[in-house]
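Walk through this model with the viewer open.

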Amino acid sequence: MKSKKMLVNIGFKKGFSSRYALVFYLVSALISITIQFFLWKAVLVNKSEFQFRQTISYLVLMQFLTLIFPKSSYELNDEIKSGDIALSLLKPITLSAKFFWEGVGYSLAKIVVIGFVELITYFWLIPYSIDLLSILMVSISIILAYILYFEMELILGTFSFYTYSIWGITTFKSAILLILAGNIFPVEYYPEIIKRLANILPFQYSFGAVGLVSQNPDIMMFARIALVQLIYIVAFRFIYIAMFNRAVRSIVIQGG
């Protein structure tokens, strides 16, 4: 427990060590929200005020998730390229736990500086009343989505053992997320075939599914989404362990 708290503190301090970057993140977030507001105001010009506010609040929530979710694939890639992976493997805490808890601390730093602004904007824009149960369901969905995204990041990062650079892989991941996750464009506006594909694959359950729960906090929908998130989390955990154990046996440190 003490080691986890220490790792969270390390991640939190890392976040504030790059406070100027966080300020730029904040400015970029405000600009993005402003652009989306007027863009969707034009797109939904003939729609009701309710539908406009529902759409824009959904997109603000997606921007918040994109902001706080970990980028552990880059962390693992950097450790392999620098050779620090050799020292990390000797520590009593697993590599995945190290990245997870440091990532939690870094995410908390982002929430303190930027996230509160986006959350205030989100609650201001939502066109319907909220209650404690709705907040609880959305919060659980976000936590599960965070863990699911972290597991996907670990799997991507493991390819660094073979490629030493995952820039191309992460670019491909970003393209897939753009189409299937619903974090840039609400899935409800997609063609039916893409919506069906998104409902099967894990990407939407890291982003768009959280938005669906926030817009329609129905207990049955929440239970279905949470169940799928848990299934993917467990499946990806086994995939990561198998990939990591195979890769670490043939590790070659760049420059070493």
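A residue is buried when its relative accessible area is under 20%, exposed when it is over 50%, and partly exposed in between (1.4 Å probe, protein chains only). By that cut-off, Glu-102 is buried, and so is Lys-98. The model is a predicted one: local features need pLDDT of at least 70, side-chain atom pairs count only at pLDDT 80 or more, and totals for chains, interfaces and linings use all residues. Residues are numbered from 1 along each chain as its sequence is written, and side-chain values use heavy atoms, with hydrogens and water left out.

Glu-102 and Lys-98 form a salt bridge, with 3.9 Å between the closest N and O atoms. The term salt bridge stands for a side-chain nitrogen of Lys or Arg within 4 Å of a carboxyl oxygen of Asp or Glu. Both residues sit in helix H6 (residues 95–125), 4 residues apart, which is about one turn of the helix. Helices are DSSP runs (H or I, at least four residues), numbered from the N terminus.

How many salt bridges does a search of the whole structure find? The count is 6. Another one joins Lys-195 and Glu-192, at 3.6 Å from N to O. These two residues lie in helix H10 (residues 192–200), 3 residues apart, again about one turn of the helix. Lys-195 counts as partly exposed because its relative accessibility is 23%. Glu-192 has 46%, so Glu-192 counts as partly exposed.

Now look at Glu-49. Its salt bridge partner is Lys-41, and the closest N and O atoms are 3.4 Å apart. Glu-49 has a relative accessible area of 41%, so Glu-49 is partly exposed. Lys-41 is partly exposed because its value is 37%. Which residues are linked in a network of salt bridges? They are Lys-41, Glu-49 and Arg-53.

Turn next to helix packing. Two packed helices are described by the angle between their axes and by the distance between the axes. Axes here are lines fitted to C-alpha atoms, for helices over the stretch in contact, and angles run from 0 to 180 degrees between N-to-C directions. Angles under 35 degrees count as roughly parallel, over 145 as roughly antiparallel, 65 to 115 as roughly perpendicular, and the rest as oblique. A crossing is left-handed if the near helix is turned anticlockwise from the far one by less than a right angle, and right-handed if clockwise.

Helix H12 (residues 219–248) packs with H7 at about 20°, and the axes are 9 Å apart. H7 and H12 are therefore roughly parallel to each other. Their crossing is left-handed. Helix H4 (residues 72–82) also meets H7: the axes come within 7 Å and cross at roughly 30°. H4 and H7 are therefore roughly parallel too. H4 passes H7 in a right-handed crossing. H6 and H7 pack at an angle of about 130°, with 11 Å between the axes. That makes H6 oblique to H7. This crossing is right-handed.

Some residue pairs let you compare sequence with space. Val-210 belongs to helix H11 (residues 208–215). Its relative accessibility is 0%, so Val-210 counts as buried. Val-210 and Ala-145 are 65 residues apart in sequence and 7.5 Å apart in space, C-alpha to C-alpha. Leu-156 is in H7. Leu-156 is buried because its relative accessible area is 14%. From Leu-156 to Leu-125 the separation is 31 residues in sequence and 35 Å in space, C-alpha to C-alpha.

Finish at helix H2 (residues 19–43), where Ile-35 is found. Is each isoleucine buried or exposed? Ile-33 has 11% relative accessibility, so Ile-33 counts as buried. Ile-35 has 53%, so Ile-35 counts as exposed. Ile-33 and Ser-57 are 24 residues apart in sequence and 9.7 Å apart in space, C-alpha to C-alpha.
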